[in-house]
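Here's a quick briefing to read with the model open beside you. Take it topic by topic.

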Amino acid sequence: MKILYEYAGFFYNWNMHIRRADIQDVQEILDVIEDGRNSLHAQHIDQWQNGYPAETDIINDIKEEGGYVIVEQESIAGYCFIQEMQDPCYRVIENGRWLNENPYIVLHRTCILTSYKGKGCASLFVKQGEILAAEKKIHNLRADTHENNYAMRHMLEGNGFTACGTVYMKDHSPRIGYQKTL
């Protein structure tokens, strides 16, 4: 019999958990990212089609202790970078404004294996962000995504995030900036 627990209206298998990523996970994380890249490409979404995120991004995430993985039965099902930081891409926002300018935890490079999509896995990363925020006495989460990445937008909005406006990545590509106050 499977034991399930509930968060944000989704039920999770008790074998699924989040942990910090370590250097031995890099190849499996890159496989998850490649699966995500292929999924975005199949949906004609140009997000992540230029080699980002790369292996160096993931290694840096791990070194900064911000890389997290969702694991089920020793296999990685998802990846996300979760950390307190002031993202330089969030300094300027167009067609709107942030809910506030207080410190925040970012969720970046969120990716779930295709076979796990729709099961609420990405919501576990939001919960991890909330836990980290509580530990640091921070009351905001921020994230961004491509305007046509409807799955990510749905996940963020379903977890209480508000679309705040347009931010631009280092390559000048636009993204919708999201914020959640805690």
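This is a predicted model: local features need pLDDT of at least 70, side-chain atom pairs count only at pLDDT 80 or more; totals for chains, interfaces and linings use all residues.

Which residue in strand 9 is the bridge partner of Tyr-168? Pro-174 is the one.

**Strands 8 and 9**
- Strand 8 (residues 162-168) and strand 9 (residues 174-181) run antiparallel, and 6 bridges join them.
- The two strands make a hairpin, with 5 residues sitting between them.
- Look at His-172 in that turn: its phi is positive, at about 75 degrees.

- Thr-56 belongs to helix 2, which covers residues 55-63.
- Thr-56 has a relative accessible area of 52%, and the cut-off for exposed is over 50%, so Thr-56 counts as exposed.
- Thr-56 and His-172 are 116 residues apart along the chain, and 20 Å separates their C-alpha atoms.

**Helix 3**
- Helix 3 (residues 121-136) has 16 residues, so at 1.5 Å a residue it should span 22 Å; the end C-alpha atoms are 24 Å apart, which agrees.
- Its buried residues include Leu-124, Phe-125, Val-126 and Leu-132, and also Gln-128 and Glu-130.
- Just past the end of helix 3, Lys-137 has a positive phi of about 55 degrees.

**How confident is the predictor?**

Note on methods: Residues are numbered from 1 along each chain as its sequence is written. Side-chain values use heavy atoms; hydrogens and water are left out. Two strands pair if DSSP finds at least two bridges between them. Helices (H or I, at least four residues) and strands (E, at least two) are DSSP runs, numbered from the N terminus. Buried means under 20% relative accessible area, exposed over 50%, partly exposed in between (1.4 Å probe, protein chains only). The expected span of a helix is 1.5 Å times one less than its number of residues.
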